[in-house]
2 protein chains.
Amino acid sequence: MHGRTRDGLVHVEPNARERYYDSRGYGVPDGDALDLAPVEAAHLLYRGDLETVDGREFREYLTSEPGLAVRFLVYKDLRDRGFYLAPAERTLDSPSADLAVFPRGKGPWDGEVAYRIHVLGERDPVPATALGDATLAVVDEESEITYLETDRPEIDGVSAVDLPRDVPATPLDDRVVVWEPPAAMYERGFYGQPLGRDDEALQLSLLEAAYLAGEGVLDLDRERVVEMGRRAEGERFDRRLAVYTDLRGAGVVPKTGFKFGADFRTYADVESVDELGHSELLVRVLPAEHVFSPRDLALDVRLAHGVRKTMTFALVGEGVAWASVTRLTP
Amino acid sequence: MHGRTRDGLVHVEPNARERYYDSRGYGVPDGDALDLAPVEAAHLLYRGDLETVDGREFREYLTSEPGLAVRFLVYKDLRDRGFYLAPAERTLDSPSADLAVFPRGKGPWDGEVAYRIHVLGERDPVPATALGDATLAVVDEESEITYLETDRPEIDGVSAVDLPRDVPATPLDDRVVVWEPPAAMYERGFYGQPLGRDDEALQLSLLEAAYLAGEGVLDLDRERVVEMGRRAEGERFDRRLAVYTDLRGAGVVPKTGFKFGADFRTYADVESVDELGHSELLVRVLPAEHVFSPRDLALDVRLAHGVRKTMTFALVGEGVAWASVTRLTP
């Protein structure tokens, strides 16, 4: 059969509905005929089910529209995995999705959507604000596809500790030392790091010290600590302190994520440092207007997966918004 | 005993040599007396072996000199691990090392050095040119220490393939398709990615296509592909092509490192894609003048370790220089 382009769609007649839609979920019926999106037409051309579109065979058609090749690769991959799918504009009200994937065994006539897929190349920008709306299908430079699920998680935990007020503390380079801390500060609150194995002195990070000074636990001027933090890392310190405070407020204990190249690793349920579980999240703190490269997302997701944590982004604008990204195999 | 500062060193007498140097490797003997570096004096104060320096006890002395606290933490950690060590200037001719660590069981009198340690905070810059000279001891904001071994590796392999000349190829968005490739191109050279499982068409990345065009294998103008690459990713493409070419020239097959957030993963010995081993290196391409943050190094090292590869940096200036970083537990 042959198709021809009409208003941006590929019109195929006669009896195309029965052959392509009824049994295999391609296109939108128009009586006995069918309207196909270009990506659907490309796939039918590739399979040899359609001979030409506007007189062009597969190879020529694929190069006829910029970006069609990348969308075709993802469409084909999902079809190969056993899904029926459709262009998003036909099915979804979504600002960023390109394809709506139906649950396995279902089709466009069932009214259910399993994945909302945003197709992009590895060099395309991903604004932080777009995370959470769709699954990213990133086509890399060698045409392999990586699926990244994005979400907007709730962050909460049950960690809490009561501490005395006005504990003396001494700034020391870019940290703060509490020479004689209350035992609960480290043992139940998981604040700081002991100076030595048999030493009670506790080293606090500037974030921990600024937070505890703000809570009145330390006898130290919060603004002074914040100034030390800004000298060390500029306005990034303010963003990180906002996230640190948000996490502690939600009952979650943040500790440095340095060994993982992140801002924090977090513990949602600290009763005692002697019975510390596995940390659950890796948190990267970013300004709300941050734009990711897909490669950085792939790096973070791979890293977090390797250490059995979830990569979570704290997006700091007026408040703190949360987004997470995980690898998906559809 | 008490010390006093003299010309930047801490002078202790009498009989300090026997007590601190002969049995435990601190300081430089001056007859029966001893000259200590501040970090050694701080450690003896911490242990209670020395009572005061210039009338100051440990806590006060530690805050007396900027940066002393961070050096003390690393010095103490290495002592706790059973090493004797000395300030680098006393022992080594090294532009970047701060501490010379002697092999376990040996001391300053044996003339052997196990590690050359550069001490830094997690916010200190690490110029790419400094990698390879010393082991980095990074003290993070919570005062934990991560040791990163740096090296200048040789890169070589035994992968090679003979290919015909002037194979037709078609640019397609930001990749190149070879519709009818010689079988050896993918199967022995590991160039490209087949379009489908039962499809012979091969998709090449722009890097692969530019390299093969330059070798005369593709009937395609190399400059045209390079222009496509520059449009897609700017001068980064030129750097990556220089590294791709260097690797292929060394008998190493580079494939995309996208899923790992790197530029390449590499195979030193490809005989056939059906018997492909594990890729050995993750390669990140950077300009020679790049300056790392320790956190980015920690991220890369953790990632590479998690996927059992070695993190390698290709530093592109006049030519390509290689540096690698791995985690070390002294």
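Two strands are taken as paired if DSSP finds at least two bridges between them; strands (E, at least two residues) and helices (H or I, at least four) are DSSP runs numbered from the N terminus. The model is predicted: local features need pLDDT of at least 70, side-chain atom pairs count only at pLDDT 80 or more, and totals for chains, interfaces and linings use all residues. Residues are numbered from 1 along each chain as its sequence is written, chains are lettered from A and ligands numbered from 1 in the order in which they are written, and side-chain values use heavy atoms, with hydrogens and water left out.

**Stop 1**

Select A:Leu136 and A:Leu148; the former stands opposite the latter, which lies in β11(A). Their strands, β10 (residues 135-139) and β11 of chain A, pair in the antiparallel sense over four bridges. Five residues separate the strands of this hairpin, and A:Ser143 takes a positive phi near 70° there.

Next, colour β11(A), residues 145-151, by accessibility.

**Stop 2: β20 of chain A**

Move to residues 281-287, where seven of seven residues are buried. On one side are A:Leu281, A:Val283, A:Val285 and A:Pro287, and on the other A:Leu282, A:Arg284 and A:Leu286. In a regular strand, side chains alternate between the two faces of the sheet.

Show β19 (residues 264-267) of chain A, which is antiparallel to β20(A) with three bridges; here A:Phe264 has A:Val283 as its bridge partner. Then show β22 (residues 310-316) of chain A, paired with β20(A) in the parallel sense over seven bridges. A:Pro287 stands opposite A:Val316 in β22(A).

**Stop 3**

Select the open, mixed sheet of five strands, ordered β3-β4-β2-β1-β5. β3 (28-30) and β5 (52-53) of chain A stand at the edges with a single partner strand each, so one side of each is left without a neighbour in the sheet. β3(A) pairs with β4 (residues 33-36) of chain A in the antiparallel sense over three bridges, and A:Asp30 has A:Ala33 in β4(A) as its bridge partner.

Note on methods. Buried < 20%, exposed > 50% of the residue type's maximum accessible area, 1.4 Å probe, protein only.
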